[in-house]
Amino acid sequence: DDVKPLLIEPSSSRDIPMGGADSEQGFLSRAVARNPEFFQQAAKFGFCFCGLQVSYLTWGYMQELIMTTQFEPTERVPSGMFPSAAFCVFSNRFLAVIV
């Protein structure tokens, strides 16, 4: 038995953009041509993503700084450490919802 290829018509046009030497434009250039604001939207998305990451890292750093810093001891908190981790986390989440 001979093995036959599964292609019906090798010269027919493809629905899936494959790129390569046989196409005049690549997939990315066709996508940009259809949506000229592509790079502007991608830059805005990247800026927002980086801004969120910086804010999360800043909040996490400040929370750790508050929880590990020894403050002046008082009668209620003789150790001088921040007394409530739950309050610190709750305050962080509450401000995140407001912002």
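**Aromatic pairs, a loop residue and a pocket**

Phenylalanine 94 is partly exposed, at a relative accessible area of 47%. On the scale used here, buried means under 20% relative accessible area, exposed means over 50%, and partly exposed is in between, with a 1.4 Å probe and protein chains only. Phenylalanine 90 is exposed, at 53%.

Before I go on: this is a predicted model, in which local features need pLDDT of at least 70 and side-chain atom pairs count only at pLDDT 80 or more, while totals for chains, interfaces and linings use all residues. Residues are numbered from 1 along each chain as its sequence is written, and side-chain values use heavy atoms, with hydrogens and water left out.

Now the aromatic rings. Rings of Phe, Tyr and Trp (for Trp, the six-membered ring) pair if their centres lie within 6.5 Å; planes under 30 degrees apart are stacked, over 60 edge-to-face, and the rest tilted. By this rule there are three aromatic pairs. One of them is tilted: tyrosine 56 and tryptophan 59, 6.4 Å centre to centre with 55° between the planes. These two are three residues apart in helix α2, and therefore separated by about one helical turn. Helices here are DSSP runs of H or I, at least four residues, numbered from the N terminus. Tyrosine 56 is partly exposed at 48% relative accessibility, and tryptophan 59 is partly exposed at 29%. Phenylalanine 90 and phenylalanine 94 have ring centres 6.2 Å apart and planes at 25°, so this pair is stacked. They sit four residues apart in helix α3, about one helical turn.

Next, the loop between α2 and α3, where methionine 81 lies. Which residues does methionine 81 contact, leaving aside its neighbours within four places in sequence? They are Met67, Thr68, Thr69 and Gln70, with contact meaning heavy atoms within 4.5 Å. Threonine 68 is 13 residues from methionine 81 in sequence and 7.0 Å from it in space, C-alpha to C-alpha.

Last, the largest pocket, with about 170 Å³ of space. A pocket is an open set of points on a 1 Å grid over the protein atoms alone, where a 1.4 Å probe fits, with protein on both sides within 12 Å along at least five of seven lines; lining residues have an atom within 4 Å of a point. The lining includes Trp59, Phe82 and Leu95. Helices α2 (38–68) and α3 (85–98) each supply at least two lining residues, and the largest share, five residues, comes from α3.

Technical notes
Grid points are joined across faces, edges and corners, and a volume is the space filled by probe spheres set on the points.
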